[in-house]
Amino acid sequence: CILCTTVTTHENTNKLTHGVSQMSEVTGNDEYFALAERHMSPQWNKFIWPHIKYGNFDNVVEIAFGHCRNTEKLRHVARTITGVDINRENADFCRARFKDIQLADGQRLEFTTNDGKHLNSIPSNSATFVYSWDAMMHFDPAVMQGYVKEIRRILVPDGMAFVHHANMKPCPGVAMPLIEWEASTMVRDEEQGPMCASLDIRRNPHMRAPMTKRLFARLLQAANLTVLEQTLIDWGGVRRMDCITVFKKERYS
């Protein structure tokens, strides 16, 4: 794997743990979820459904479901949804939210928790579609790389994934853990947003993590996943701040 190295040092382990800790802070904010809920329908119609409408929704895995506003949309097209989130409070909230909802025959919603790094509760080669919206743009690059590997593991052959991630280059001097990248290429790339990001997302515009369209595509390539499309989007008044990437696991790979 050209881009991958093994986390063996205490320093890298601490960086990964710090990234997971920041992620937990972001995904456990009730005020944020209430605001985001109000924007869900227009986002679904403009940014999400046009990119996922040809997916196989028999067995959907949703990463970082929060207060399950995305799940509410997905349940109208999916047979089975398994949500995975780092916060137990979010899982409890979503179980309560759908407790009295009448589901279609054979439909199942399940909400589980994880360590913020792995999808251990999801069997290999089981998910027909993996989905994450308005969450992974906060994830540390090392966490993102780990999730890419996990997504490949759980996807069935020909399974697809839809991921909303940041498009913000690392600030000068930021060491990107686990990832070999060409600083000069990133700086010159006209597709990058106008701002840069540190590894401490609390210091970054809209708490974005350092990740770019090109870099995420390279992570997918290193994991033997195929990019189907990438779309840059504006967010919070910032041009090209984020990216939507749709990719798949090839049947023969």
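The link between C171 and C196 is right-handed, with 90 degrees about the S-S bond. This is a predicted model, and the sulfur atoms of C171 and C196 sit 2.1 Å apart in it. The pair joins distant parts of the chain, 25 residues apart: C171 is in the loop between β6 and α7, and C196 is in strand β7. C171 has a relative accessible area of 17%, under the 20% cut-off, so it counts as buried. C196, at 27%, is partly exposed.

The count of disulfides comes to 2. The other one pairs C68 with C94, sulfur atoms 2.5 Å apart. That link is left-handed, with -115 degrees about the S-S bond. Here too distant parts of the chain are linked, 26 residues apart, with C68 in the loop between β1 and α4 and C94 in helix α5. C68 and C94 are both buried.

The largest nonpolar core has 34 residues, and I63, V130, F139, I151, F216 and F247 touch the most other members. Elements giving two or more residues to this core are β1, β4, α6, β5 and α8. The largest share, 6 residues, comes from α6. Take V130: leaving aside neighbours within four places in sequence, its contacts include V61, I63, I151 and F162. Apart from this core lies another, of 30 residues, among them M40, F57, F65 and M168.

Last, helix α8, residues 213-222. Why call it largely enclosed by the rest of the structure? Because 7 of its 10 residues are buried. Those are K213, L215, F216, A217, R218, L219 and L220. Just after α8, N224 takes a positive phi of about 65 degrees.

Conventions:
Residues are numbered from 1 along each chain as its sequence is written. This is a predicted model: local features need pLDDT of at least 70, side-chain atom pairs count only at pLDDT 80 or more; totals for chains, interfaces and linings use all residues. Side-chain values use heavy atoms; hydrogens and water are left out. Buried means under 20% relative accessible area, exposed over 50%, partly exposed in between (1.4 Å probe, protein chains only). Helices (H or I, at least four residues) and strands (E, at least two) are DSSP runs, numbered from the N terminus. A nonpolar core is a set of buried Ala, Val, Leu, Ile, Met, Phe, Trp, Tyr and Cys residues joined through side-chain atoms within 4.5 Å. Contact means heavy atoms within 4.5 Å. A disulfide is a pair of cysteine sulfur atoms within 2.5 Å.
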